[in-house]
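Trainee: Could we take a close look at one part of this model, namely the way oppositely charged side chains pair up?

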Amino acid sequence: VGELLLQEELNRKVLDSLLEFIRKSSSSFQRGTDDWRSRMRAHEIPTAALVLGVNVPDHDMTFQSLSEQLQLSVSPFVVSLQAKECAGQCHDQCEPEQGSTSVNLKRVHCSLKTLHDWYKTVTEKTYTSTPGEKRTSIGINVQQHPPIVVIFKDLEVFSPKVLQDFIIICSRYIEQLPLIFVFGIATAPSVIQHTLPHSVSSLLGIELFQSLSCTQHLATVIDQVILTSEFPFKLSGKVLQVLVSIFLYHDFSVRNFIKGLQLALLEHFHSQPLSVLCCRKQEALGHISKLSHQDVERIQQLPSFMRYVEQQGPQDQVELLTNDDHVKEVCVKLLIDLHKYHKNYYPILRCLHVLTSSLPKYPLGKQIRELHISCLEKNVWDNEEYASAMTLLRMMAKEELVSLLQKCSVILKPGKTKKMRAVLLRLDDLITRFTKSLLEMKESRRTKKMSQFEILRDEVLEFFDSLVRCHLAPPESQPLYEVCYYSSSAVLRRHLNATPRTSIQTALSNPYHYLKNESLRTEDGTFSSAAPDICIVYKLHLECGRLINLYDWLEAYATVVSAAEGKDPESADYGKVDELKHARFIQAVSELEFLGFIKSTKQKTDHVSRLTWGGC
Amino acid sequence: MAGQLLQPGYEENKLQRVSKLLPCRDVQSSMLLALMGEPEQYSYPSIFIYGHRATGKSHVIHTLLKELDIPYATVTCVECVSLGLLFEQVLFSLFGPDSATLLSRSPSLSDFVRVYKQLCVQNPAKQTKYIVLDRAELLRDMDANLLPAFLRLQELVEDNVTVILLSEIVWDKFRPNTGCFEPLLLHFPDYSKDELQQILSEDSHPSYSTELYSAFINILLGVFYSVCRDLRELRHLAALNFAKFVEPLESGKVNESETHKLWRNIEPHLKKAMQTVYLREVSSVQWEQQMEKEAGAVRGLSAHGHVELPYYSKFLLIAAYLASYNPARTDRRFFLKHHGKIKKTNFLKKHEKTSNHLLGPKPFALDRLLAIFYSVVDSRVAPSASVFSQISSLVTLQLLSQVGHNDQLDAPKYKCAVSLDFILAISRTVSFDIVKYLYDFL
């Protein structure tokens, strides 16, 4: 899936303006100092402050494509710096720059002075020698002095001291070295003024570049990848909800969203054998004919297929349950229907969104994804919100309504199915009638009857209502929807939003959950005494208060373990502590301490204190 | 005009040229010349020159040394992250490119002295050599023996050498507690308004008369002198705004003598410049473009104060703010349902009664942060790994700061590093009334 391309597409606008800025500043360096004004001006280091938003994981890709484009079109000298790589001394920062291009450089003391000398030799060398060198082979229009671009990937993390010193040093060389900085900023641009004092920030000529906000970014991704019939793979409402809420509540990272989408895709094809049919229509139809008997049985067991069977006549039902070939024939028809359903669903969804998204208070959601999710979950027309949206629409003024309808018609234009074309015709017809009725409006203003416009308005809304009822039915209503829809949101949530603490507790209180050892299987509430030592110790400690007496704990442990060994409760050494048990106990307790459930306390020497609450 | 610089041993015309290049610094330069004496004479071992930014310290020294053909080495201490770099640069400029190779990989001070002596014997010089150390305050952070050694380098290397230290800080802040050789102190006072006027007027635009430029500088100083006396910055501002100043002249509406009209034209622009380009809210290039186009003001950097955060990050930040600014003992009152009444006055110790916002954020443990977080966030949140990772990403965004070593895995402590305005804006977006939960505003 070409999701990566999409991401680049999104950043293009910002990157283009950034590239333009860098080109301009490098050319202004070359213009030299013959101009009075540029001679008089204090030399500032051209700096681009690139505000990228808090979704730090996404930044890497942006910076990578930025430096690639820079290297291609502006200058071969581009360094990206990460704060953690240059915590100590700023001079090390120059090293990658030098190392990448010139090899025989003495690396004893790298300073900007050496960088400067190196730069001079490099630029001279390339322009005295014939233009057959590597520079031209990359395809740069030969510039006299390609700028040195230094990208600070995460400005917030750089220690202010290092940054200040680095800028001061660089500013001493700015007249000879065409340096350009790019600051990657995750929060707000005012962070520059917080970290740098005026004496330092006055050395920089900062220009601001704001990238798309990550919510807009997400909206575009959803629009291009999910709200389209192009890709056969679909997400159910719950799964989409999980992905979106991870995005909104936790990380704002589009990259993680896409990763989640890819995981869902993988899980779907891994867990659902019938996903062979989840591909383009022609291929899917080809696959149907190759289905084995087992596959057909799987189809027959699909809930949506069973519902479909129940709706058929008794004769058909028998056929559908016994005759494999008949099932295959029906499947072909159903799959084609499913594809048609998708082709109609998305345009109508967009139209409904256009109509409702401008209503006050957004009864059906501001974003199209919200509308999409509610359509996926149940019949959207049964919602109260839908009814209220319709009443609001019935009160809409004429100009607004007409402009909305025109937008809808634009959306429906590229529709290919017969139904969509019919809808488009009908809509265009309505629009023309509207414009006519607007002219007649003035005359009928006085009459108390419903005006022409009002009648038309009702007609339009009736029409849309029927469209919604016809095309926006939830996918569960479609037979064979399981083929395309991935719906196990719990799996996805478990993978993407891990809860380490809950897992530890599950492991300790119910070892069967992870070990799958039949001897550990227990009824609810009871506890197998054959469980690992740490589980027994954990279970026993739940019964204690804030302070735990170690000796009592040990005795209880010994009793449980003796029961597990099958000893006779009446015998003398039942529950007796021997060296082995003692050692096992100590080990389990220290493991529990390591996991952070208990710690030693100074209040009583032979006690430990609990760090968690509750228990039995 | 410039007083005559007189010093035997130097050519007359060179001295004259120097005095022309150093306007308003006659006293200082003649004093320096007197200290330096004739080229062959030994000078005082070390001279300490201090004065504010852009008071001509480096300019005077460099012009003197350069114009009078005196051997010297100049090193900016910011650049010298290691001693080796410093020594290397000194040797490089005094003895030529080969000399630096004699130093070992990470040379000590005695290495430097040894190499210096060795080179001195090889090529003995009659003239006094000078080592200029710019931003000398950074020497204090390097090895403890470095500053005292440089102050008496003449004795150590037994050569005719003088070290000149330049700094913006007074000598009292330098004096090591072990004591050292006292250098000669020389103060460069700030330029007065008249002096600024004189210096700035000197670089007039070639296509306009000197008087006009001088008038412009006068207006400029009238606006900016109260906030900025930095010569460098003022020159920059003059260059940026001169085009606007002569705009009416260019279009022929006004002639050069009507200074009042010119003043009326430029004054609002200068005022605006003070708020924007001087503070580097907009870059100089943007400022110039804006002047050309008139319309479409560029929004400054601080106008973009808004930060978007994920939903739970917002609550984590709110919880962190509460934990930082509320005394821990008041948590019961804010986050327990049946807390009972607590009287503010009797409840707290004396030092807790002062406003916590005046005292600044206090460190808090992770446990407390999470406890507050779970009670302020309205829905049930699973303690998932991403909640924890959000805390660390807040730290990297510098919205929280970790107290103590960051290798402390067990019970880390944090501080909230955002302002009240910021947190108010954040809590408004999640419709959480943070003021109700702040002890200071009770």
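Trainee: In helix 7 of chain A, how many residues apart are Asp165(A) and Lys161(A)?

Mentor: Asp165(A) and Lys161(A) are 4 residues apart in helix 7 (residues 160–173) of chain A, and because of that spacing about one helical turn separates them; helices here are DSSP runs of H or I with at least four residues, and strands are runs of E with at least two, both numbered from the N terminus. This is a predicted model, in which local features need pLDDT of at least 70 and side-chain atom pairs count only at pLDDT 80 or more. Residues are numbered from 1 along each chain, chains are lettered from A, and side-chain values use heavy atoms.

The side chains of Asp165(A) and Lys161(A) meet in a salt bridge, with 2.8 Å from N to O (a side-chain nitrogen of Lys or Arg within 4 Å of a carboxyl oxygen of Asp or Glu). Its two partners can be described by their cover: Asp165(A) is buried, at a relative accessible area of 17%, whereas Lys161(A) is partly exposed at 47% (buried is under 20%, exposed over 50%, partly exposed in between, with a 1.4 Å probe and protein chains only).

In helix 17 of chain A, Lys333(A) and Asp337(A) are likewise 4 residues apart, and so about one helical turn lies between them. They too form a salt bridge, in which the closest N and O atoms are 3.9 Å apart. Here Lys333(A) is partly exposed, with a relative accessible area of 46%, and Asp337(A) is also partly exposed, with 34%.

Turning to chain B, the side chains of Lys14(B) and Asp69(B) are joined in a salt bridge of 2.6 Å, N to O. Lys14(B) belongs to helix 1 (residues 12–21) of chain B, while Asp69(B) sits in the loop between helix 3 (57–67) and strand 2 (72–76) of that chain, so this pair ties together parts that are 55 residues apart in sequence. Lys14(B) itself counts as buried, at 17% relative accessibility.

Some charged side chains are linked as a group: in chain A, a network of salt bridges connects Arg426(A), Asp429(A), Arg433(A) and Glu459(A).
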